[in-house]
Amino acid sequence: MSEKLPLEGVKVADFSWFGVGPITARLLGAFGAQVVRVESESRPDGLRSLAPFPPDKTGYNVSGWFNNYNPGKLSLSLNLNLPKGREIAYRLVRWADIFVNNFTPSVVERWGLTYDDLVKVNPDIIAAYTPMQGLDGPRRDYLGFGAVLGPVAGYNHLSGFPDREPVGLGTNYPDYVVNPGHTLVAILAALRYRRKTGRGQRIELAQIESSVSALGPALMDYTVNGRVQTRAGNRVPNAAPHNAFPCQRVALPLWLELGLDALERPGADRWCAIAVFTDEQWQGLCEAMGNPDWCRDEKFATLLGRKQNEDELERRIGEWTRDKPAHDVMDLLQAHGVPAGAVQTAQDVLDNDEHLKERGYYVYLEHPEAGLTAYDGPGFRLSKTPGRLRSAAPCLGEHTFEVCKDILQMDDGEIADLVAEQVLF
Amino acid sequence: MTDDSALNDIRVLDISGEIGLYCAKLLADLGADVIKVEPPEGHPGRRSGPFYHDEIDPEKSLYFFNLTTSQRSITLSLQNPDGRALFKRLAATADVVVESFPPGHLDSLGLGYEHLCRIRPDIILASITGFGQWGPHSHYQWCDLVGLAMSGVMWLAGEPDDPPNRIYGNQGYISASIQAASGILMALYHRDVTGEGQQVDVSMQEALALAQETAAQTWDMQKVLRRRIGAWRVPMLQVPGIGNYACKDGYVFCYLGTPGGAPWPVMLDWMIEEGEAQDLTEEPYFSLIQELGLPLITQSVADAEAIERLAAPLARIHEVLSDFLGRRTKVEIYDEAQRRRLLIGMVSTPKDLVEDVQLNYRRYFQDVAHLELGETLRYPGAPVHLSETPWRIRRRPPFLGEHNAEVYGEVGIGPDELLTLTGAGVI
């Protein structure tokens with residue numbers, strides 16, 4: 001195994017906040033890049049003030065949301081609203097190979113961080129911008145966090161049950177894999193190109209375009225067939241059953257029932273996803289259920305029949321799953337060759353999933369204020385150069401001095417002056 | 001066309017199933033020479049809808065079209081010894097192989113990572129599966145739904161009374177594919193620098209796990225489970241301006257009173273200007289609106305007295321807002337709300353997206369000529385723009401085995417041999 005990580009020696013100036021930008025830079029860091037995260041006391045990342053927090057802890061440094069997206073980075077606290085702050089930003093840009101940003105275009109312009117601005121100080125920079133709607137166009141400065149992006153990009157209309165309002169996905173889904181993933185792919189492609197040619201470039205990911213790109217077939221159904229698809233629940237044309245089935249409810253320990261936030265009380269309902277695409281899998285499901293009489297009904301013998309009688313099929317399977325623990329249903333069906341998976345809760349994936357545990361997907365990192373907390377690992381593994389989270393997220397401004405001295409080559413006097421002037425702040 | 005693409009020196013053999021389609025597409029549209037190696041009966045994606053004009057035909061799947069742009073197609077049976085020998089000849093010319101067989105299957109065919117390394121020492125093998133190459137669930141049966149379920153993502157979506165919801169459009173496959181493409185490019189960069197290839201292991205379950213947002217960290221830190229709550233509603237309180245609102249032609253999604261957007265009084269001003277504020281300019285509504293935001297709501301939900309006091313006036317504000325929005329179209333609301341910096345988005349349908357002024361201004365959609373259909377089809381375009389090495393749909397999706405002669409010719413297989421192999425069902 002190589003000692004060297006792929007991106008060792010690559011330098012990243014991370015001027016982003018919230019989700020897409022920080023998650024992209026986090027992965028660059030996990031694979032060896034040195035990442036300097038730029039924030040300021042006057043404009044900290046909004047996620048720093050959002051839950052979850054460890055019990056009895058508050059402040060900018062302990063948010064589990066922020067920390068999970070920023071491990072392994074150095075934090076430079078820099079006030080970009082002051083001219084001297086912008087000068088230092090340019091010094092950081094000169095040092096960097098990659099610049100990451102996800103503000104709206106007008107903010108980028110106000111801070112003098114457009115691509116045209118950056119190439120004046122670093123002609124070879126790879127500069128990645130990930131605004132909501134793109135850098136130009138009539139809606140370029142529209143506001144929106146992921147909560148608004150999901151509906152605008154079409155996910156809410158298409159997901160969920162047809163008799164329900166478009167309630168969305170329960171999280172700001174495109175923010176986490178689709179948009180940072182596309183950004184990372186583009187940055188790595190640009191990095192290869194730069195290694196070959198010496199030339200940097202501008203990367204622009206409009207979050208709406210990136211998100212829409214993951215919904216291609218629905219769009220082509222409209223552009224080609226004029227059909228407007230809508231919510232279809234958990235069913236698909238080529239499988240039946242294909243849904244989540246109710247399993248044995250779980251009695252909650254009393255301490256969980258008491259005194260917890262009413263917003264987020266742990267649920268006692270449990271479910272198992274079951275999908276049958278082939279007749280072989282159907283036979284496996286019947287066997288696992290003990291071949292009840294109804295399974296032998298002709299109308300369920302073929303996929304077409306199962307689709308035509310899907311309501312009844314689902315009801316009967318639900319009657320069978322209802323009194324069994326979700327993970328038992330999963331294991332039993334898997335033993336019979338049927339694609340099945342417990343609808344896992346966060347507790348399941350974090351504490352109980354033996355598979356994720358053995359693979360070490362979640363990583364626990366010690367943070368000076370937040371303590372030992374869980375971080376998501378990288379979403380892909382390389383056999384010879386496995387990425388790893390090397391340290392917990394930084395406290396706000398934790399590395400300001402270090403970055404100024406070691407990276408920006410400032411002397412102590414200059415740093416002290418800038419602190420006094422609240423440029424480093 | 002000058003080839004200014006980022007991956008113009010990279011050849012990819014894609015022998016994966018549906019889970020790898022988007023990975024291969026990303027690499028192909030970035031300029032890699034992606035050869036889709038299909039079994040003689042065709043890639044399973046060819047049987048997935050929707051279909052062109054609803055003509056159910058493996059050469060007319062819009063699903064497959066969308067996900068195989070810029071690629072070439074050959075047929076090859078890996079079950080056949082001659083097929084495997086042929087695959088090895090191709091692999092000698094390939095930088096990357098993408099696969100999604102159950103772990104160990106390629107080894108059993110003599111085509112696993114170690115075997116491929118003997119043919120091409122610096123090869124990169126990307127294996128995309130439900131649960132990854134090792135671990136107690138690595139041999140579990142999987143599909144998109146199972147990935148969504150096991151990752152914790154599905155638990156978070158939908159109304160509390162319903163089964164947990166699936167996200168539209170095989171997002172488990174898409175997420176795994178995006179992670180795989182990232183891993184492949186990371187491995188390629190490493191190979192460029194060191195000459196060393198490696199295996200990329202992607203588990204759909206892990207690829208999706210980050211999309212739980214804060215759920216894992218909330219459990220870790222507070223031992224509280226985030227769960228599905230439908231339209232972001234607060235239990236016991238109808239909070240005006242949070243969630244879906246029906247309008248003349250569909251829905252808008254409102255997220256008023258949250259940090260980042262304009263505060264609630266800006267919404268009230270809009271209603272006043274239009275003469276539709278009804279009694280919201282009077283007490284107790286006017287004062288309540290001045291402080292209406294997430295802080296007020298989060299303080300109130302734990303306080304039974306506050307809930308009782310607020311329930312009726314909040315319901316009235318909700319009612320007036322519903323009336324106001326219900327008289328307008330979603331585009332009208334979206335554009336005017338955004339002009340006022342109010343956090344409101346329209347709930348777009350596929351039609352809305354195709355007609356979207358921003359996407360069209362930016363020429364997001366790309367027309368691709370299908371001469372054989374006598375038509376040009378409109379495709380979703382670039383997910384990301386690279387100024388020097390553009391993402392681009394370089395050619396229409398391939399017919400099954402369309403490039404057999406061309407690709408096999410490139411590894412020295414002439415027409416006679418091709419005929420023999422075709423006759424034997426190898427290709």
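1. In this predicted model, the buried residues of helix α15(A) pack against several elements of chain A, namely β7 (242-247), β8 (270-275), α12 (279-288), α14 (310-321) and β9 (340-342), and also against α6 (144-150) of chain B. The helix itself spans residues 326-335, and its buried residues are Ala326(A), Val329(A), Met330(A), Leu333(A) and Gln334(A). Viewed down the axis of α15(A), these residues fall within an arc of 125°, so they line one face of the helix. Just after α15(A) comes Gly337(A), which takes a positive phi of about 75°.

2. On chain A as a whole, the model has 19 helices and twelve strands, and the C-alpha atoms fill a box of roughly 85 × 55 × 45 Å along the principal axes. Of its 425 residues, 64% count as buried. Among contacts in chain A between residues at least 6 apart in sequence, 71% join residues at least 24 apart.

3. Leu158(A) deserves a separate point. This residue lies in helix α7 of chain A, residues 155-158, and Leu158(A) has a relative accessible area of 4%, which means that it is buried.

4. Between the chains, helix α8 of chain A (residues 178-197) meets helix α7 of chain B (residues 171-194), their axes coming within 9 Å and crossing at roughly 20°. An angle under 35 degrees counts as roughly parallel, and α8(A) is therefore roughly parallel to α7(B). The crossing of α8(A) past α7(B) is left-handed. On the α8(A) side the contact is made by Val178(A), Gly181(A), His182(A), Leu184(A), Val185(A), Leu188(A), Ala189(A), Leu191(A), Arg192(A) and Arg195(A), and the α7(B) side includes Gln171(B), Ile178(B), Ala181(B), Leu185(B), Met186(B), Tyr189(B) and Asp192(B). Sorted by class, this contact of α8(A) with α7(B) has 13 nonpolar, four polar and three charged residues.

5. Within chain B, α7(B) also packs with helix α1 (residues 21-29), at an angle of about 45° and with the axes 7 Å apart. The two helices, α1(B) and α7(B), are therefore oblique to each other, and their crossing is right-handed. From α1(B) the contact draws on Leu21(B), Tyr22(B), Cys23(B), Leu26(B) and Leu27(B), while α7(B) contributes Ile174(B), Ser177(B), Ile178(B), Ala180(B), Ala181(B), Ile184(B) and Leu185(B). By class, the contact of α1(B) with α7(B) comprises eleven nonpolar residues, one polar and no charged ones.

6. How many residues of α1(B) are buried? Nine of the nine are buried, so α1(B) is largely enclosed by the rest of the structure. After α1(B) comes Gly31(B), whose phi is positive, near 110°.

Terms used:
Residues numbered from 1 in each chain as written. Chains lettered and ligands numbered in written order. Predicted model: local features only at pLDDT ≥ 70, side-chain atom pairs only at ≥ 80, totals over all residues. Heavy atoms only, no water. Axes fitted to C-alpha atoms, helices over the stretch in contact; angles between N-to-C directions. Helix = DSSP H or I, 4+ residues; strand = E, 2+ residues; numbered from the N terminus. Parallel < 35°, antiparallel > 145°, perpendicular 65-115°, else oblique. Left-handed = near helix turned anticlockwise from the far one by under 90°. Contact = heavy atoms within 4.5 Å. Nonpolar A, V, L, I, M, F, W, Y, C, P; charged D, E, K, R; others polar. Buried < 20%, exposed > 50% of the residue type's maximum accessible area, 1.4 Å probe, protein only. Arc of directions from axis to C-beta.
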